[in-house]
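Subject: Structure for your files

Hello,

Below is the structure I said I would pass on, followed by notes on what turned up in it.

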Amino acid sequence: SSDVCSSDLIATICGIVESKNLTYFNAIIGDITFLHDLGSLKSFTNLSGNIKLFVLNDNQGGIFNLLPLELNHEARHIITSPHHYNFKKLCEQFNLEHTEVTKIDHLKSTLQMESQSPTLIEVKIDSIENHKVYQHLKTMRIQ
């Protein structure tokens with residue numbers, strides 16, 4: 001079921017890193033998936049190496065606004081699960097490095113950042129701008 005996948009994604013990342021003895025790994029997940037898998041953060045903090053978890057935070061499950069779903073306002077609100085969380089304090093509780101990114105230049109430098117311990121990079125996404133970009137990409141034709 002999709003609930004199993006979304007609630008075990010961080011655990012899966014940990015399993016991949018550990019089983020392959022990786023010292024460098026980048027993973028990207030959404031904020032709602034991250035919230036569903038908080039229990040795996042303890043395992044994530046036990047990893048070693050330059051392991052980065054990018055959490056795209058648009059303060060909701062914005063992917064559901066991009067899909068052609070016919071939902072009333074109440075159903076959309078339930079599915080997108082709007083929130084106003086910043087994950088910095090949560091990372092402090094797990095003694096996990098945290099970086100918040102709001103600008104593309106900072107994202108580029110964060111990609112080049114070296115670390116010997118796992119890091120959570122919280123990428124703040126503007127949901128309205130994200131929707132505009134998605135609509136533009138849908139209309140592009142590759143020649």
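In which sense do strand 1 and strand 2 pair, and over how many bridges? Strand 1 and strand 2 pair in the parallel sense, over seven bridges; two strands count as paired if DSSP finds at least two bridges between them.

First, the source. This is a predicted model, in which local features need pLDDT of at least 70 and side-chain atom pairs count only at pLDDT 80 or more, while totals for chains, interfaces and linings use all residues. Residues are numbered from 1 along each chain as its sequence is written, and side-chain values use heavy atoms, with hydrogens and water left out.

Overall layout

The protein has nine helices and four strands; these are DSSP runs (helices H or I, at least four residues; strands E, at least two), numbered from the N terminus. Along the sequence they follow the pattern α-α-β-α-α-β-α-α-α-β-α-β-α. The C-alpha atoms fill a box of roughly 45 × 35 × 30 Å, taken along the principal axes. Of the 143 residues, 31% are buried, where buried means under 20% relative accessible area, exposed over 50% and partly exposed in between (1.4 Å probe, protein chains only). The protein exposes about 9400 Å², and carbon and sulfur atoms supply 55% of that area; accessible areas come from the Shrake-Rupley method with a 1.4 Å probe, and for residues only the protein chains shown count as cover. Among contacts with a separation of 6 or more, 71% are between residues 24 or more positions apart, a contact being heavy atoms within 4.5 Å.

Strands

Strand 2 also pairs with strand 4 in the parallel sense, over six bridges. Phe 54 stands opposite Ile 121 in strand 4. Strand 2 is largely enclosed by the rest of the structure, because seven of its eight residues are buried.

Leaving out residues up to four places away in sequence, Asn 50 touches Thr 23, Tyr 24, Phe 25, Met 113, Glu 114 and Ser 115.

Nonpolar core

The largest nonpolar core has 18 residues, and those with the most contacts inside it are Ile 10, Phe 34, Phe 44, Leu 53 and Leu 120. Two or more residues each come from helix 2 (9-19), strand 1 (24-30), helix 4 (41-45) and strand 2. Helix 2 gives the most, with four residues. A core here is a set of buried Ala, Val, Leu, Ile, Met, Phe, Trp, Tyr and Cys residues joined through side-chain atoms within 4.5 Å. Ile 10 touches Ile 29, Phe 34, Asp 37, Ser 40, Leu 41, Phe 44 and Leu 53, again not counting residues up to four places away in sequence.

Surface patch

Ile 63, Phe 64, Leu 67, Leu 69, Ile 78 and Ile 79 make a nonpolar surface patch of about 490 Å². Patches take residues with over 30% relative accessible area and no salt bridge, joining like charges within 9 Å and nonpolar side chains (Val, Leu, Ile, Met, Phe, Trp, Tyr) within 5 Å. Helix 5 (63-66) and helix 6 (73-80) each supply at least two of the patch residues. Leu 69 sits in the loop between helix 5 and helix 6; its relative accessibility is 34%, so Leu 69 counts as partly exposed.

Salt bridge and one loop

A search of the whole structure finds one salt bridge, defined as a side-chain nitrogen of Lys or Arg within 4 Å of a carboxyl oxygen of Asp or Glu. Glu 122 forms this bridge with Lys 124, with the closest N and O atoms 3.5 Å apart. Glu 122 counts as buried because its relative accessibility is 0%, while Lys 124, at 25%, counts as partly exposed.

Asp 126 lies in the loop between strand 4 (119-124) and helix 9 (127-139). With a relative accessible area of 48%, Asp 126 is partly exposed. Asp 126 and Gly 62 are 64 residues apart in sequence and 9.6 Å apart in space, C-alpha to C-alpha.

Regards
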